[in-house]
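Reader: Please take one part of this model and walk me through it closely. Which elements pack there, and what ties them together?

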Amino acid sequence: GFAPHSVVYQRIVSETDRTTAQGLRQCLTRILGTLPSPIIFGYIFDSNCIVWRTNKNGDQGNCWIYDVDKFMTWFMVVQIIMRVMTVVFYFLCWWLFPENCVVPEEKNQMKLSKFVNENDSRNGGELEDSDSAKNSAIL
């Protein structure tokens, strides 16, 4: 699906390069999805043909009868191989780019949000300004 791809590239690419990464990912997906797939599945179709039509000049034509059981088996094997490759690459991204590995621009934002959350929890969910804190300390 689209959501896991989006999470992966947003997690491992700096914020300034995310638009470029999304465009590159879409381009590679289209190229790798549209070029080899017809060749692979065409080979599966052709290799599972039992009876070929012969043209008038003796050339091989289209397939008339397929070995359906063999065809279904190869079709599923290719699909499973593609899914396993996807899982392997997702695992590699998860392993090579752990969650605590944050790009430098985002470290400052994380420190700021951590600071705000710590102050928020100390004050019981309410942020106080410095003047009111001084006044309450004097009283």
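## From the helix pair to the strand pair

Author: The axes of helix α2 (residues 18–34) and helix α3 come within 4 Å and cross at roughly 25°. Helices (H or I, at least four residues) and strands (E, at least two) are DSSP runs, numbered from the N terminus. Axes are lines fitted to C-alpha atoms, for helices over the stretch in contact, with angles from 0 to 180 degrees between N-to-C directions. α2 and α3 are therefore roughly parallel (angles under 35 degrees).

The model is predicted: local features need pLDDT of at least 70, side-chain atom pairs count only at pLDDT 80 or more, and totals for chains, interfaces and linings use all residues. Residues are numbered from 1 along each chain as its sequence is written, and side-chain values use heavy atoms, without hydrogens and water.

Who makes the helix contact (heavy atoms within 4.5 Å)? From α2 come Ile31, Leu32, Gly33 and Thr34; α3 supplies Pro36, Ser37 and Pro38. These residues divide into 4 nonpolar, 3 polar and no charged. Here Ile, Leu and Pro count as nonpolar, while Gly is among the polar ones.

Next, the loop. Asn48 lies between α3 (36–47) and β1. Asn48 is buried, with a relative accessible area of 1%. Buried means under 20%, exposed over 50%, and partly exposed in between (1.4 Å probe, protein chains only). A polar atom of the Asn48 side chain lies 2.7 Å from the backbone oxygen of Ile44. Not counting residues up to four places away in sequence, Asn48 touches Ile65, Tyr66, Asp67, Lys70, Phe71 and Trp74.

Then the strands. The count comes to 1 disulfide (a pair of cysteine sulfur atoms within 2.5 Å). Cys49 is joined to Cys63, S to S 2.1 Å. Cys49 lies in β1 (residues 49–54) and Cys63 in β2 (residues 60–66), so the pair ties together parts 14 residues apart in sequence. The torsion about the S-S bond is about 100°, so this disulfide is right-handed. Both Cys49 and Cys63 are buried. Cys27, at 40% relative accessibility, counts as partly exposed.

Ile50 also lies in β1. At 53% relative accessibility, Ile50 counts as exposed. Its C-alpha atom is separated by 7.7 Å from that of Trp64, 14 residues apart along the chain. Ile50 touches Cys63, Ile65, Tyr66 and Asp67, with residues up to four places away in sequence not counted.

Technical notes. A polar contact is a pair of N or O atoms within 3.5 Å; within protein, one must be able to donate a hydrogen and the other to accept it, and residues adjacent in sequence count only if both atoms are side-chain atoms. Contact means heavy atoms within 4.5 Å. Angles under 35 degrees count as roughly parallel, over 145 as roughly antiparallel, 65 to 115 as roughly perpendicular and the rest as oblique.
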